[in-house]
Each structure stands twice: as structure tokens, then as C-alpha cells.
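User: Hi! I'd like to talk through the fold of this protein with you, one question at a time.

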Amino acid sequence: MKQITVFLVFFGVAMAAHPVFAATATAVIAGTTEGSIVAGEAIFTETSDGLDVEVKVSGVPAGKHGFHIHENGDCSDAGKAAGGHYNPDNVMHGLVAKDGFEHAHAGDFGNIEVAEDGTGAVKTFIPGLALTGEQHNVIGKALILHEKEDDFGQPTGNAGGRIGCGIITLSEVVAGVAAVSEAVTPDGE
Ligand SMILES: [Cu+2]
Ligand SMILES: [Zn+2]
């Protein structure tokens, strides 16, 4: 009974609202091959305890497609230039939202389910990932959409080719509570 209570308290904390902390980033996803209609966008919002990730894609064959953050911010060579999964902790492949940094690559986001119309969307939250600071910072890395489903096999989930790619680019950093948007207005002179 005590264990159940502890679990519920922990779960309650994990489910609590994530206050917006400092930064947002985007990755514009494009097909990696000539003539590809794969497109999409990912929006990353840093909070005090991790990263909210929202991804939308279109022009993708129906079914599940693995998507991960890969090491290099380079989409060339049909996405191969992005290198391996972002793996700062030198661990096995997994699902980071569930397994954490000790049991999954920090870039292991799992799968996006794509409908018959070619569109798909997913929202996830990754505790500990960041857009600022030294630790687990994903700015400048590539978000890769794969040809096939990530089956969570080793070493990288058997998700096949890289059909979409976008580079994670910082879009906004709000410095402290005093920051307000400064509208640029004509000075009238
Ligand atoms: Cu990948
Ligand atoms: Zn991985």
C-alpha cells in the first residue's frame, strides 16, 4: 500500500504542468530526396524540467515512422550526414520519454503514426532535454523522420532510411521575467 502511494505521488508530480522556462526552437522538416513531398515542422519548448516536443508531418506514407534526434545538424546525403542517434550518455537505443537517459538515447522519440491522408502529429515531453545550457542541449542537431517503424530493437530501432530531416534551430530565448516583446515601431522622423 505504501508503495502504491509513493507511486501515485511520483506520478502526480510527473503529470504536473510544465512551466515555460526560457526558450523555444523549431525544426522545419523537408524530404531528403529530390521530388519528395515529405514536409513538416517540430516545435520545441523548454520548460524547467524538460522539453515539450510537438511534431506535425505531411506527405508521408501511412503507418508508423520512427523519429529521432540525430547527432549532426546536416541533412545532406539523403539524411545520412546527420550521423547516429543523439546519444550523449553512451547507452542503448530505447524510448527516452519512457526509459530516460539511462536506458535510451536522448534522441529516441519513438514513432509518429501517419494517417491515410499522409499527415501525422505527435506531442511528447522529454524530461531533462534542453535548448539552453550544456547538458542534453539539442540545438543544432537534426530531427530525422524514418521510412519505417522504430521497433526499439538494437542498435537503432530498425527504422530504415531517412525520409525527412530538419535542423533544430533556436527561435526565442526569454531572458528572465523582465523580458517583454519590444515592438519595433517607426520613430516618425
Ligand atoms: Cu533516427
Ligand atoms: Zn536510438
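Predicted model: local features only at pLDDT ≥ 70, side-chain atom pairs only at ≥ 80, totals over all residues.

User: In which sense do E2 and E3 pair?

Analyst: Residues are numbered from 1 along each chain as its sequence is written, with chains lettered from A and ligands numbered from 1 in the order in which they are written. Strands are DSSP runs (E, at least two residues) numbered from the N terminus, and two of them pair if DSSP finds at least two bridges between them. E2 and E3 have nine bridges, and the sense is antiparallel.

User: Which residue in E3 does Ile43 stand opposite?

Analyst: A hairpin joins E2 to E3 through two residues. Ile43 is on the uncovered face of E2, along with Ala39, Glu41, Thr45 and Thr47. Its opposite residue in E3 is Glu54.

User: Which residues have the most contacts inside the largest nonpolar core?

Analyst: Such a core is a set of buried Ala, Val, Leu, Ile, Met, Phe, Trp, Tyr and Cys residues joined through C-beta atoms within 7 Å. Buried means that 20 or more other C-beta atoms lie within 10 Å of a residue's own, with C-beta atoms placed from the backbone. The largest core has 36 residues, and those with the most contacts inside it are Val57, Leu143 and Leu145.

User: What share of the 189 residues is buried?

Analyst: The protein comes to two helices (H or I, at least four residues) and nine strands. Of its 189 residues, the buried share is 35%.

Technical notes: Buried ≥ 20, exposed ≤ 12 C-beta atoms within 10 Å, placed from the backbone.
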